[in-house]
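Here are a few notes from my pass through this one. Have the viewer open as you read.

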Amino acid sequence: SPFILHIVNVMKILIGTLALLIGSSHAACPNQCSGHGTCGVDEVCTCFPGWGTGGDAGGDCSDRFCPHELAWADFPSRGGNRHKYAECANMGECDRKLGQCECFDGYEGKACARQSCPNHCSGHGTCEYMKDLQFGIVYNEYYDGSSPALSGLGAGGMKFAQDYVWDSDRARLCVCDAGWTGLSCEER
């Protein structure tokens with residue numbers, strides 16, 4: 001009957017239109033987002049957390065990010081802020097396949113966030129954080145009686161009441177065992 005033929009033709013048109021819409025809505029993202037992101041209708045990858053390309057968000061999501069920490073060295077912002085967060089604290093290079101920092105000599109940790117002690121203190125001392133160090137441990141070494149502000153010096157080890165420096169829990173140095181001296185406690 002002509003009515004059934006008309007319905008069949010309308011169905012063919014609807015199925016063809018639907019197939020065309022489905023085919024054209026499938027986006028073709030670069031490298032199919034490397035399996036580490038989702039492809040949007042605008043053919044742009046939205047990477048999963050920790051993934052991107054060359055250290056930047058987006059791209060084909062083929063590279064891992066490395067941990068970020070306060071930078072040891074960088075340029076101040078226009079507002080005067082310094083020591084912004086940077087990948088591998090700007091003291092290492094990121095292995096993008098593993099997402100791990102390869103720290104430069106003298107730095108260590110997950111994001112190269114702390115200094116290492118030279119030669120591991122040669123086995124004749126301990127590696128200590130700046131915030132844990134004492135000063136003025138030799139009697140009268142610094143106190144000359146000229147100022148009441150200095151009166152606590154020379155009476156035994158003291159620590160600063162507050163951490164005044166940004167790296168007090170990151171910078172480290174060797175505290176040598178008795179009879180040893182030098183930057184890495186290598187001298188008698």
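Predicted model: local features only at pLDDT ≥ 70, side-chain atom pairs only at ≥ 80, totals over all residues.

1. I'd start inside. The largest nonpolar core has 7 residues. Four of them are cysteines, C66, C88, C101 and C112, and they sit with W72, A89 and M91. Another core, of 6 residues, lies apart from that one, and C33, C45, W51 and C61 are among its members.

2. Which residues does C88 touch, once its neighbours within four places in sequence are set aside? The list is C66, P67, E93, C94, C101, A111 and C112. Of these, C66, C101 and C112 are also members of the largest core.

3. Is E93 buried or exposed? It counts as exposed, because its relative accessibility is 52% and the cut-off for that class is over 50%.

4. As for C112, its C-alpha atom is separated from that of E93 by 9.4 Å, with the two residues 19 apart along the chain.

5. Last, the surface. M130, V165, L173 and V175 make up a nonpolar patch there, and together they have about 280 Å² of accessible area. L173 is in strand 12, residues 172-176. With a relative accessibility of 38%, L173 counts as partly exposed.

Note on methods: Residues numbered from 1 in each chain as written. Heavy atoms only, no water. Patch = residues over 30% accessible without salt bridge, like charges linked within 9 Å, V, L, I, M, F, W, Y side chains within 5 Å. Areas by Shrake-Rupley, 256 points an atom, 1.4 Å probe, with all protein chains shown as cover. Salt bridge = Lys/Arg side-chain N within 4 Å of Asp/Glu carboxyl O. Helix = DSSP H or I, 4+ residues; strand = E, 2+ residues; numbered from the N terminus. Buried < 20%, exposed > 50% of the residue type's maximum accessible area, 1.4 Å probe, protein only. Core = buried A, V, L, I, M, F, W, Y, C linked by side-chain atoms within 4.5 Å. Contact = heavy atoms within 4.5 Å.
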